[in-house]
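Here is a short tour of one protein chain. Look at the sequence and the model first, then read on.

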Amino acid sequence: MPSASVPEPARRNAPPARRLPAELPKVEQLAPRLLTPARQAGKALVDRDIAHRRAAVYLILDHDSAMGDLYDSFAVQAFAERVLALSANLDDDGSVPVIFSSGDQPFLEEIRLDNYRGRIEQLHTQVDWGWGNVAESMRRAVRHYQEAGATDPAVVITQVGDEPFDKAEVRSLLQNSAALGVFWLFVGFGRGRLAFYKNLNASASVTFTNVAFYDASKNPGSVPDEHFYAGLVDAFAAWLRH
């Protein structure tokens, strides 16, 4: 089994002197259908006083076979689109790296403002169904972030539909990545068991300062934008201000 260690600690999230405006004109030009959620995401950042902050946004998607109907119903596609709309307020490159959690060889691609329509459905058919190996996908996100040489922090939105089989590795990776400027947000939706993620910070002996869990319900598409983005950014905002 591969080690759960990650590369050397690097940067912490020092605030920039100023923040470029959110890329909403780019959204309006390339992805007008995402303009409303992008505005709602921006409001969530303003309300939490982090609209001036920048961050790299990553998306890990559970590709266990139990998620099949949620891919078929476009629920995962819709979820990815909302994450892309959030990213438009935090990053200016118009893209989000997407990693499908599908075993020892997680599949990495990207979803962009200029190609987002049907993108997740197109990509996931190229990936074998996995079996709850989440840690390898997390390592892949950390490697990509460090290889990019980013100086802004990263928020890795990790969608989970059931508990992982590699729980010890996940815990070790979370602990080892605490100093890297990486925030892990586990977002649960689907019909599986999620107690592992809900209880990551329940122990008095081990606390992960860079980890949060948001339960997006069985159908996140039914959650209004205002509540959805509050769930995505609440803990991240608190971590940035720490």
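Of the contacts in the chain with a separation of 6 or more, what share comes from residues 24 or more positions apart? These residues account for 82% of such contacts. Keep in mind that this is a predicted model.

**The whole chain**

The chain has nine helices and six strands. It holds 242 residues, and 55% of them count as buried. Its accessible surface comes to about 10,700 Å². Carbon and sulfur atoms own 50% of that surface.

**The sheet**

Six strands make an open sheet. Their order is E3-E2-E1-E4-E5-E6, and the pairing is mixed. Strands E3 and E6 stand at the edges. Each has a single partner strand, so one side of each is left without a neighbour in the sheet. On average, neighbouring strands of this sheet are turned by 25 degrees against each other, direction ignored.

Strands of a sheet pair through backbone hydrogen bonds, either parallel or antiparallel. Which way do E2 and E3 run? They run antiparallel, and six bridges join them.

The table gives the residues where they meet.

| Helix | Residue range | Residues that meet the other helix |
|---|---|---|
| H4 | residues 75-90 | Phe79, Arg82, Ala85, Leu86, Leu90 |
| H9 | residues 225-241 | Asp225, Phe228, Tyr229, Leu232, Val233, Phe236 |

The axes of H4 and H9 lie 12 Å apart, and the helices pack at an angle of about 60 degrees. That angle makes H4 oblique to H9, because angles from 65 to 115 degrees would count as roughly perpendicular and those under 35 as roughly parallel. H4 passes H9 in a right-handed crossing.

Where is Asn210 found? Asn210 sits in the loop between helix H8 (195-198) and strand E6 (211-215). Is Asn210 buried or exposed? Its relative accessible area is 1%. The cut-off for buried is under 20%, so Asn210 is buried.

Which residues does Asn210 contact, leaving aside its neighbours within four places in sequence? They are Leu174, Ser177, Ala178, Val182, Phe183, Trp184 and Trp239. Find Asn210 in the model and trace these contacts one by one.

Definitions and conventions
Residues numbered from 1 in each chain as written. Predicted model: local features only at pLDDT ≥ 70, side-chain atom pairs only at ≥ 80, totals over all residues. Heavy atoms only, no water. Helix = DSSP H or I, 4+ residues; strand = E, 2+ residues; numbered from the N terminus. Buried < 20%, exposed > 50% of the residue type's maximum accessible area, 1.4 Å probe, protein only. Contact = heavy atoms within 4.5 Å. Pairing = 2+ DSSP bridges. Axes fitted to C-alpha atoms, helices over the stretch in contact; angles between N-to-C directions. Areas by Shrake-Rupley, 256 points an atom, 1.4 Å probe, with all protein chains shown as cover. Parallel < 35°, antiparallel > 145°, perpendicular 65-115°, else oblique. Left-handed = near helix turned anticlockwise from the far one by under 90°.
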